[in-house]
Amino acid sequence: MYYQLHFRSKICSFPFFSFLSCKPHNCISYISFSQIPDDNPDLQIFPSLPSELVSPSNVITQSKFSRNGHFPYKTKHSELPETNDVVLSNKKITSYIRCGDLDSALRVFESMKVKTVITWNSILAGFSRKPGYIEEARQLFDKIPEPNVVSYNTMLACYMRNSDIQASRNFFDQMPVKDVASWNTMISGFSQNGLMAEAEELFRAMPVRNEVTWNAMVAGYVESGELESALELFKEAPVKGVIARTAIVTGYMRSGNVEMAEKMFREMQERSMVTWNTMISGYIENGRAEDGMKLFKKMMASVVKANDSTLSSLLLGCSNLSALKLGKQVHQHVMKSPLYLDMTVGTSLISMYSKCGVLEDAWKLFLEMPRKDVVTWNAMISGYAQHGESKKALRLFDEMRSKGIKPDWITFVGVLSACNHAGFVNHGIQYFEQMQNNYRIKPKPDHYTCMVDLLGRAGKLNEAVDLITKMHFKPHISLFGALLGACRIHRNLEVAEFAAKNLLRLEPTNAAGYVQLANVYAAKNHWEGVSIVRKSMKENKVIKTPGYSWMEVGRVIHEFRSGDRLHPDLESIHMKLKDLEKKMKVAGYVPDLDSSLHDVAEEQKAQLLLWHSEKLAIAFGLIKLPPGMPIRIFKNLRVCGDCHQATKVISAIENREIIVRDTTRFHHFKNGVCSCGDYW
């Protein structure tokens, strides 16, 4: 919707864009104008013009318009008698549009014999708010008898909202009159789409700038990863308000410069909810979850109260860091606040528990939620898929459809992942076809990655390659990474070299590509090939990502690296591993020497395998955690074959459940068996 606005401060606004909205990642983005609260001190909503001020030039007859020349409904004139009360009708239109009820607004619009420019602008704003209605909006705009600058700005915002950048620029250039809002709409749109060169060109040409202009530029540079440019412009800005300062805090946090972010935060006399959210999520994303929780508690004691985005950000951080205890603290806070019924927060809790390895609690929350949207169902389906509960994931997908909830592309990523983790090749192919034929969803890179991985790990390497060649867009890195992983399982050197060549052509410094190819060579005892790969890595200055695992004990996150020499409890860990090694051999365990890439003696290989990071973590967990408590471990790389086999044996001889999350899925080890069925 669009209102005529009177600005009591230097801050101005423009149709449908305002800066810095909280999202789960607390990134800088834009919110619709309808989300601006009515009590905003910088905005006064003018009432509609009195009927006596309406000039004859504003009077027109009712018209119908749409792609086929008609409104998408039939007006019931008996229910809505024609009226000349312009003020009342304008208010009705505004009210309907604010509620998102465009059909009712249009019925009032059609019933009016007299229409002012405010009437037209309000309906135009209603179309502008809806993505995909750009043609209808333009048809309506062309029918406005005397469009004013508000009309032009609303149509301009519509083009930007639909990401039609070129049409926006053409329309802007043809506008007979431009105000500061017109320029801001263009600059904000360019910034939002990462076109900072174009934004700067307009910024320098703009006759009069206001705080919104500077905010858009600073925020745009931060979003584009150009922190230095943002800082230079920030220094130049005549007014350094909360929005620009929050953008700089965001930039510092993203670059890992937590100290400078803290300094900026401390210096801010005014802090918005987004400022607090940015700091909290920044702490968590930089591995300082405890600091994030402390700041969250300070926020609760301030005048600024947490919203769903605050809690979602905290829970997202808990998910990424696998910080279960911190996540439970957030959950406890949610239960004491009015947000305990919020669907977004509930969905974030489901995702947090799933990613922290507590699927039972995620399912319990899912059942208790009074309202569920497609995102909620997606979170639970993906949770089941990630934990290897593929049949449950697919049953839940069927239940979702039976309740009339239409799946989206993310739903099918979860469904295909479920098929992938269980080796349901035929089911996966069927769902991939249903997605396109029944739901008209075009496959995205994630869908193709799932399918290539599914086909490849099932040994259908030629079919996987064929699928890649038939894609409607250029292959991406993860596709060839999935194909390489499958080649290691099936020791197919020819396809592995094809996949590695394409992967490294796209990203020459991708360490995973070299390592995966080296793995295939090592599995075939082709040590000369391993040597060539290592030489190539050295020449290209590629650094292999070291494998490490971490676990939470008490309130402390303990990290272990393969061959660790730094952990304070290393001596007792090694003693426990030696004891475990003896018991494992009695139970029939034989080290999988193919999992070692080092061309050394077998005895040394076995020793290197024994000191892999997840084995160190398991030994530490057995020492520190009470009997019966599950050991939860998280790893930054895929679990190797030897660690997978060893963990199965340890779970049996120690009578302990061990849960390991690697880069692809969860493994639940219990009584000598893994939930993945040795298919991962």
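Predicted model: local features only at pLDDT ≥ 70, side-chain atom pairs only at ≥ 80, totals over all residues.
Zoom in on Met155. What is Met155 in contact with, leaving aside its neighbours within four places in sequence? Select Leu124, Ile134, Ala137, Arg138, Phe141 and Phe171.

**The whole chain**

Zoom out and show the cartoon. The chain has 32 helices and 10 strands. Of its 680 residues, 52% count as buried. Consider the contacts in the chain with a separation of 6 or more: 65% of them are between residues 24 or more positions apart.

**Salt bridges within helices**

The whole structure holds 19 salt bridges. Side chains of opposite charge can pair when their charged atoms come close.

Return to Arg138, one of the contacts of Met155. Which side chain meets Arg138 in a salt bridge? Select Asp142; the N to O distance is 3.0 Å. Both residues lie in helix 4 (residues 134-143), four residues apart, about one turn of the helix. Arg138 is partly exposed, at 29% relative accessible area.

Go on to helix 6 (residues 165-174). Pick Arg169 and Asp173, which both lie in this helix, four residues apart, about one turn. Their side chains form a salt bridge, at 3.2 Å from N to O. Asp173 is partly exposed, with 45% relative accessibility.

**A salt bridge across the sequence**

Now select Asp678 and Lys648. They form a salt bridge, with the closest N and O atoms 3.0 Å apart. Lys648 is in helix 32 (residues 641-653), while Asp678 sits in the segment after strand 10 (673-674), so the pair ties together parts that are 30 residues apart in sequence.

Are the two partners buried or exposed? Asp678 is partly exposed, at 43% relative accessible area. Lys648 is buried, at 11%, because buried means under 20%.

Then select Glu259, Glu262, Arg288 and Asp291 together. Salt bridges that share partners join these four into one network.

**Two positive phi angles**

Select Arg491 and show the backbone. Arg491 is not a glycine, yet its phi is positive, at about 55°. Where does Arg491 lie? Look in the loop between helix 25 (477-490) and helix 26 (493-506). Arg491 counts as partly exposed, with 39% relative accessibility.

Jump to Asn655. This residue is not a glycine either, and its phi is positive, at about 50°. Asn655 is found in the loop between helix 32 and strand 8 (658-661). At 61% relative accessibility, Asn655 counts as exposed, because exposed means over 50%.

**Last stop: a surface patch**

Turn the surface back on. Which residues make the nonpolar surface patch of about 330 Å²? Select Met335, Tyr340 and Leu341. Met335 belongs to helix 16 (residues 324-335).

Technical notes
Residues numbered from 1 in each chain as written. Heavy atoms only, no water. Patch = residues over 30% accessible without salt bridge, like charges linked within 9 Å, V, L, I, M, F, W, Y side chains within 5 Å. Areas by Shrake-Rupley, 256 points an atom, 1.4 Å probe, with all protein chains shown as cover. Contact = heavy atoms within 4.5 Å. Buried < 20%, exposed > 50% of the residue type's maximum accessible area, 1.4 Å probe, protein only.
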